[in-house]
Amino acid sequence: MKTFITTVLVSLAAATAMAQEAKTETATEQKTEAKPTMNIHGTIRSKYELQTEEGEHRFEVRNARVSIDGSLSPIIYYKAEIDLCDEGKIKMLDAYTRLKPWQTMQFTIGQMRVPFTIDAHRSPHQQYFANRSFIAKQVGNVRDVGAALGYTFNVGFPIVLEAGLFNGSGLTNQKDFWTKNVNFSAKAQLLMPHGFNLTLSTQKIKPDNTDVMMYDAGAYWHQNGWHVEAEYLYKHYADNAFKAVHAFDSFVSYDIKVKKGLVKYVTPLVRYDYMSDHSDGTRYLDGKANPEGKLIVNDYQRSRLTSGVTLSLKKPFVSDIRLNYEKYFYRNGGIAHRSERDKIVVEFMTRF
């Protein structure tokens with residue numbers, strides 16, 4: 001009898017263990033085999049610009065971006081983004097797969113915005129002004145193909161670390177691009193309490209035959225409708241191929257909520273940014289890219305004061321009307337690009 005009872009108890013215990021194991025495996029499978037998700041987003045920016053001194057004006061569709069992103073499982077994510085009108089050209093922007101084996105770690109491979117700076121990393125719908133800062137447009141604007149690793153840990157507040165290796169080929173020169181050179185980028189974000197953020201980053205590129213190192217430090221405070229930001233970038237060219245570039249960007253904005261009417265928020269804002277003589281890192285001869293040439297000034301030293309107001313028809317960065325006035329200051333002998341002159345800008349931005 002005792003043998004029989006013992007056998008029954010052992011059998012019941014084994015059955016319970018097997019049932020529990022099966023339940024655990026089923027839960028794991030359900031988590032692993034979660035339904036795929038897909039999100040479709042888009043950004044349209046259309047604007048009117050009037051150059052106040054020349055009296056010339058134009059309409060322009062600055063961006064018509066469409067992106068698809070989502071997940072195939074709790075650890076597999078993806079994104080593909082194309083701009084149908086990036087200054088009149090079609091460009092493939094993002095195209096990557098992202099693996100997140102843990103909530104604190106991610107691995108991304110493909111084409112992406114490299115982890116560098118604050119302002120250059122903003123998407124068009126996240127920009128505060130109609131036209132990007134000099135840091136975001138000329139000095140630190142890099143998108144490339146490569147692989148990046150991200151890790152987040154907490155020390156009383158989150159710290160986000162990102163680093164990656166990249167081709168240095170840009171977006172269109174991938175098929176026959178082979179190199180012994182290593183381009184890298186690294187970024188650390190300290191997401192401190194009360195809306196404070198400190199971002200430090202560095203990047204090495206080689207557009208032609210000269211190594212270029214960039215170092216960036218920026219900080220902002222975002223709380224109670226206020227956003228106060230400042231960023232500095234230092235760009236160094238190896239072998240004294242070109243003198244070092246200094247770039248600075250700072251701005252202040254304040255969201256005023258409107259209780260009635262079509263406009264939900266009114267945001268006055270002002271910005272000051274500066275850039276010394278800048279080279280894109282490519283050698284030129286007689287105005288054309290040529291390995292027999294040398295680095296030249298592609299963007300002359302200038303500073304700019306931008307003031308304006310943003311009218312948000314919904315929450316900010318969803319449907320905005322941006323009204324800006326830009327005043328440029330060039331050094332003696334500086335040559336202004338056609339689109340880099342005093343102007344009034346009216347931009348309509350819609351994010352869906």
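Student: Is threonine 117 buried or exposed?
Tutor: This is a predicted model. Threonine 117 is found in the loop between β5 and α2, and its phi is positive, about 70°, although it is not a glycine. Buried means under 20% relative accessible area. Threonine 117 has a relative accessible area of 0%, so it counts as buried.

Student: Is asparagine 240 buried or exposed?
Tutor: Asparagine 240 is found in the loop between β11 and β12. Its phi is near 55°, a positive value in a residue other than glycine. The cut-off for exposed is over 50% relative accessible area. With a value of 73%, asparagine 240 is therefore exposed.

Student: How many helices and strands are there in the protein?
Tutor: The protein has 352 residues, of which 38% count as buried. Among its contacts with a separation of 6 or more, 53% are between residues 24 or more positions apart. As for the elements, the count is two helices and 20 strands.

Student: How many bridges join strand β3 to strand β4?
Tutor: Strand β3 covers residues 76–86 and strand β4 covers residues 89–102, and the two run antiparallel. Within this pairing, glutamate 81 stands opposite aspartate 94 in β4. The hairpin of β3 and β4 has two residues between the strands, and glutamate 87 takes a positive phi near 55° there. The number of bridges joining β3 to β4 is nine.

Student: Which residue in β5 is the bridge partner of threonine 97?
Tutor: β4 also pairs with strand β5 (residues 105–113), in the antiparallel sense and over six bridges. A hairpin joins β4 to β5 through two residues. The bridge partner of threonine 97 in β5 is isoleucine 109.

Student: Which element gives the most to the largest nonpolar core?
Tutor: That core has 21 residues, and those touching the most other members are Val139, Met214, Leu233, Tyr237 and Val245. Two or more residues come from each of α2 (134–139), β10 (212–223), β11 (226–237) and β12 (245–254). The element that gives the most, with three residues, is α2.

Student: Which residues is tyrosine 237 in contact with, leaving aside neighbours within four places in sequence?
Tutor: Tyrosine 237 is one of the residues that touch the most other members of the largest nonpolar core. With those close neighbours in sequence left aside, its contacts are Thr210, Asp211, Val212, Phe242, Lys243, Val245, His278, Ser279, Gly281 and Leu295.

Student: Which strand gives the most to the lining of the second largest pocket?
Tutor: The second largest pocket holds about 1,000 Å³ of space. Of the 46 residues that line it, the closest to its centre are His121, Arg122, Ser123, Gln126 and Lys187. By class, the lining has 15 nonpolar, 18 polar and 13 charged residues. The strand that gives the most, with six residues from the range 143–154, is β6.

Conventions:
Residues numbered from 1 in each chain as written. Predicted model: local features only at pLDDT ≥ 70, side-chain atom pairs only at ≥ 80, totals over all residues. Heavy atoms only, no water. Pairing = 2+ DSSP bridges. Helix = DSSP H or I, 4+ residues; strand = E, 2+ residues; numbered from the N terminus. 1 Å grid on protein atoms, 1.4 Å probe; cavity = no way out; pocket = protein on both sides within 12 Å on 5 of 7 lines; lining within 4 Å. Points joined across faces, edges and corners; volume = space filled by probe spheres on them. Nonpolar A, V, L, I, M, F, W, Y, C, P; charged D, E, K, R; others polar. Core = buried A, V, L, I, M, F, W, Y, C linked by side-chain atoms within 4.5 Å. Buried < 20%, exposed > 50% of the residue type's maximum accessible area, 1.4 Å probe, protein only. Contact = heavy atoms within 4.5 Å.
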